[in-house]
Amino acid sequence: MKTIAIIILAIVVCTASAWAGVVGNAVEVRIVSDNGRMLPIYPVKTSSDVRKVYAEAIKGDHYRIEVKNRLNRRVGLVIAVDGRNIISGTKSWLTNSERMYILEPYGSGEFAGWRTNQDRINRFYFTDVPDSYAAAFGDKSAMGVIAVAVYPEVRRCWLPTPLPQTTPSYQRDQEGKGADAANKAQADRAAPSASGERMKKNAARLEQAMESAGTGYGRDEYSPSQIVAFEPEKRAAETIYVKYEWRSTLCKLGVIACTRPHHHPHNRLWDNDGYAPPPPLGFRR
């Protein structure tokens, strides 16, 4: 069964220029604010093939997700911001059955907002958690994370003799997937225990979340797109997670060093200009 996806018009172009300060292998991802500032990133060491980085966000900045395809075939991008699919707005599990954007071989695209229809988006901007799009749905399960799952298009090898039509093994029951996702969502909405210990933990998490960053549902903009047929592979070739936070939060987490610089005393053999200074007034003749 082919997945129905969205492909951006006009902004999907081939480019040979290299991007600096990006993350990714199959694709290159960077987060750029409207003033042209690329978010500084801080890699996280992981034992798996999943790529994780921290990024420094500035409150109020509108931003876009720029992705460049490094493969020689089309790829589908399932992009989730704060755990919500940026096309459908629903809770994302980064699966190949979700709505996705398509990039041509070696093409690139910019994704700047929540898609409201084929021609409009509402812009991404950094804000506090209570003001975020995900929080409006009561979903704080993946706050402050930009996730990009990369699904290459299935390669087809056509044989000279026709074969009986059978259901490919990679096809999955889409309704079953939807039911699984619904069950997970229902589990996420399960009521917390009424015990005092659980309430304390929830209060601590809430306090921590208030210090974190989120993405708001910003201004409306024109952004044309069209529906295309696309059959993704079963497994993602690469998954990239960008955890964006305020600078103060990154300091508390120890991601960046935020202590005041140590004041170095004047060094008489290093800091002079190489010339003889005049003697003190009392020693002049």
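**Close-up views of a predicted model**

A search of the whole structure finds one disulfide (a pair of cysteine sulfur atoms within 2.5 Å). This is a predicted model, in which local features need pLDDT of at least 70, side-chain atom pairs count only at pLDDT 80 or more, and totals for chains, interfaces and linings use all residues. Residues are numbered from 1 along each chain as its sequence is written, and side-chain values use heavy atoms, with hydrogens and water left out.

**View 1. The disulfide links cysteine 251 and cysteine 258.** The S to S distance is 1.6 Å. A disulfide is a covalent bond between the sulfur atoms of two cysteines. What is its handedness? The torsion about the S-S bond of cysteine 251 and cysteine 258 is about -80 degrees, so the disulfide is left-handed. Cysteine 251 is partly exposed, at a relative accessible area of 25%. Cysteine 258 is also partly exposed, at 34%. Here buried means under 20% relative accessible area, exposed means over 50%, and partly exposed is in between (1.4 Å probe, protein chains only).

**View 2. Strand S7 (residues 75-81) is buried along its run.** Helices (H or I, at least four residues) and strands (E, at least two) are DSSP runs, numbered from the N terminus. Seven of the seven residues of S7 are buried, so the strand is largely enclosed by the rest of the structure. Val75, Leu77, Ile79 and Val81 point one way. Gly76, Val78 and Ala80 point the other way. Both sets are buried.

**View 3. S7 pairs with strands S8, S9 and S13.** Two strands pair if DSSP finds at least two bridges between them. S7 and S13 (residues 145-152) run antiparallel and are joined by seven bridges. There, leucine 77 has valine 150 as its bridge partner. S7 and S9 (residues 101-103) are antiparallel over three bridges. Glycine 76 is the bridge partner of isoleucine 102 in S9. S7 and S8 (residues 84-85) are antiparallel over two bridges. In S8, asparagine 85 stands opposite alanine 80. The hairpin of S7 and S8 has two residues between the strands, and aspartate 82 takes a positive phi near 55 degrees in it.

**View 4. Strand S3 (residues 27-33) pairs with strand S6 (residues 62-69).** Six of the seven residues of S3 are buried, so the strand is largely enclosed by the rest of the structure. S3 and S6 are antiparallel over seven bridges. Serine 33 has tyrosine 63 in S6 as its bridge partner.

**View 5. The largest nonpolar core has 32 residues.** A nonpolar core is a set of buried Ala, Val, Leu, Ile, Met, Phe, Trp, Tyr and Cys residues joined through side-chain atoms within 4.5 Å. Which members touch the most other members? They are Val29, Ile31, Ile65, Leu77, Val81, Ile86 and Phe111. The elements that give two or more residues to this core are S3, S5 (51-56), S6, S7, S9, S12, S13 and S16 (238-245). S7 gives the largest share, four residues. Another core, of 11 residues, lies apart from this one, and its members include Val78, Ile102, Ala147 and Val228.

**View 6. Arginine 123 and asparagine 122 lie in strand S12 (residues 120-128).** Arginine 123 is buried, at 4% relative accessibility. Its side chain makes a polar contact with the side chain of aspartate 34 at 2.9 Å. A polar contact is a pair of N or O atoms within 3.5 Å; within protein, one must be able to donate a hydrogen and the other to accept it, and residues adjacent in sequence count only if both atoms are side-chain atoms. Arginine 123 and histidine 62 are 61 residues apart in sequence, but 6.9 Å apart in space, C-alpha to C-alpha. Beyond four places in sequence, the contacts of arginine 123 (heavy atoms within 4.5 Å) include Trp114, Tyr217 and Glu221. Asparagine 122 counts as buried, at 11% relative accessibility. The side chain of asparagine 122 reaches the backbone oxygen of glycine 218 at 2.7 Å.

**View 7. Two segments have pLDDT under 50.** pLDDT is the predictor's confidence in each residue, from 0 to 100. The protein chain averages 79, and 64% of the residues score at least 70. Over residues 8-20, pLDDT stays under 50, and the model has 34 contacts beyond four places in sequence for them. Over residues 167-179, pLDDT also stays under 50, with 10 such contacts.
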